[in-house]
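Here are my notes on the model, as numbered points. Please read them with the structure open.

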Amino acid sequence: MQLQPGQSPPFAVITEDDQRGVVYITSGLALATALVCLVVRAYVRMGLGQAVGKDDYAIVASFLFMIAQSIALFAATANGLGETSTSVKRGQEESMQKALLAVDVLYILTLWSSRCSSVLFFERLSRGTRHELVWTGMLGGTAVLGTASVFTVVMRCNMSNAWLFIDQHCTGLLDRWIAVTVFDILFEIVLFSHPAYMVANLQMARKTKVNVIGAFAGRLLIIIPLALHLSTVRSFYSWTNGAIVSSYDTAAPFIYTQITLALSIIMPTIPMLQPFLQATATTFGMVSGMATNSYGEGGSKQSRGISKTTSVHQVISSRSFRRGSTQHQSAIMSDREAGRQYSAAAFHERRPSNSSDVSQQPMIRRDAPYVAPYSNDPA
């Protein structure tokens with residue numbers, strides 16, 4: 001295409017022998033999506049008066065790693081990544097390989113810092129229960145497995161020049177990525193299964209459990225690009241044996257890495273969104289009671305309709321007491337016009353147990369507002 005006066009050549013042209021534009025577009029969209037999720041997360045935290053915790057700092061660190069990884073990927077792409085291997089000039093090869101080593105290391109750091117954020121979130125959610133120790137142990141597991149993954153990828157070929165792999169005598173490159181991906185997939189399954197187990201044992205409506213578990217299940221989607229990345233690595237590393245690698249095969253692994261990184265930042269934010277907040281209430285920094293409008297609008301539509309026609313408001317607050325005490329719910333109804341007060345107490349016959357740590361110290365508590373109409377007319 002001939003350029004007209006005043007026009008500049010395109011940044012990248014996508015052709016059969018050049019897929020660099022696809023890498024640029026995928027990386028840019030992944031960064032933009034991750035940034036939007038961080039903004040939403042900050043809005044949920046600040047708008048609802050929640051305290052910023054370690055899980056938030058971890059996800060910010062993950063995003064910073066992702067920015068650095070994207071910069072390294074752009075540098076590798078500018079030096080020939082995404083082109084057919086025969087199109088890469090000899091002077092570009094070493095620069096591209098150095099950038100790709102940084103891409104791989106930062107990719108792993110981004111993934112595991114995101115998982116660290118999820119673990120810290122669940123640890124915060126489980127505070128004061130027996131599950132807290134499990135998440136503390138898993139936090140140490142993220143550090144160990146993340147470090148092992150980095151060394152697995154870095155310690156390859158010539159140790160004095162670890163970034164070199166083109167035309168080198170390298171063995172086990174695919175096996176290394178298989179081991180790293182297995183760690184990734186297994187940990188993603190654990191990050192879903194244990195929260196699902198915790199929620200399944202709670203005393204709440206089945207529909208509510210499904211909604212909460214569904215919010216946690218989003219992390220399982222990360223397994224798909226992880227598997228696709230592994231399936232394309234073999235063709236990419238055929239470069240080491242002097243084979244001609246197509247432009248698609250050079251770009252495909254890094255397209256899937258960017259998708260994986262975007263999902264790794266999106267998924268920890270999903271449990272904080274409005275559907276999750278309406279289904280559950282926690283005690284880690286939330287405003288409870290009538291002020292907590294983020295967990296619902298005060299009950300069902302029928303209740304909201306009644307509240308417009310009556311001046312009586314009933315607030316029922318569930319509290320958990322120490323062992324040896326009776327769990328109860330108290331309700332105080334006040335008639336502002338007549339100045340009279342009514343009280344009621346409700347006891348749950350299935351909750352007298354003094355030996356169950358879960359029932360005495362529930363992981364999730366719901367403070368729900370109710371509206372109750374009444375009439376002074378004789379029946």
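Predicted model: local features only at pLDDT ≥ 70, side-chain atom pairs only at ≥ 80, totals over all residues.

1. Gly140 is found in helix H4.

2. The protein chain averages a pLDDT of 75, and 70% of its residues score at least 70. Residues 275–343 stay under 50 in pLDDT. The model still has 139 contacts beyond four places in sequence for that stretch. Residues 350–363 are also below 50. There the model has 28 contacts beyond near neighbours in sequence.

3. Now the overall layout. The protein chain has 11 helices and four strands. Of its 379 residues, 44% count as buried. Take the contacts between residues at least 6 apart in sequence: 74% of them join residues at least 24 apart.

4. Which elements give two or more residues to the largest nonpolar core? That core has 62 residues. The elements are helix H1 (20–47), helix H2 (54–78), H3, helix H4 (131–154), H5, helix H6 (206–216), H7 and helix H8 (247–266). H3 gives the most, with 13 residues. Leu81, Leu100, Phe165, Phe216, Phe236 and Trp239 touch the most other members of the core.

5. Next, the aromatic residues. The structure holds 11 aromatic pairs. In one of them, the ring centres of Trp112 and Phe187 are 5.1 Å apart and the planes stand at 65 degrees. Planes over 60 degrees apart count as edge-to-face, so this pair is edge-to-face. Trp112 lies in helix H3 (residues 90–125) and Phe187 in helix H5 (residues 173–200). The pair therefore ties together parts that are 75 residues apart in sequence. Trp112 and Phe187 are both buried.

6. The charged end of Arg115 sits over the Trp112 ring, 4.5 Å from the ring centre.

7. Phe236 and Tyr237 make another edge-to-face pair. Their centres are 5.2 Å apart, with 80 degrees between the planes. Both residues are buried. Phe236 and Tyr237 also belong to a cluster linked by ring pairs, together with Phe165, Trp239 and Phe254.

8. Look at Trp239 in this cluster. What does Trp239 touch, not counting residues up to four places away in sequence? Its contacts are Ser85, Val88, Met96, Phe165, Ile166, Asp167, Val245 and Thr250.

9. Is Thr232 buried or exposed? Its relative accessible area is 12%, so Thr232 is buried. Thr232 lies in helix H7 (residues 223–236). The Thr232 side chain reaches the backbone oxygen of His229 at 2.9 Å. Not counting residues up to four places away in sequence, Thr232 touches Ala252, Pro253 and Tyr256.

Methods. Residues numbered from 1 in each chain as written. Heavy atoms only, no water. Phe/Tyr/Trp six-rings, centres within 6.5 Å; stacked < 30°, edge-to-face > 60°. Buried < 20%, exposed > 50% of the residue type's maximum accessible area, 1.4 Å probe, protein only. Lys NZ or Arg CZ within 6 Å of the ring centre and 35° of its normal. Polar contact = N/O pair within 3.5 Å; in protein donor to acceptor, adjacent residues only side chain to side chain. Contact = heavy atoms within 4.5 Å. Core = buried A, V, L, I, M, F, W, Y, C linked by side-chain atoms within 4.5 Å. pLDDT = per-residue confidence, 0-100.
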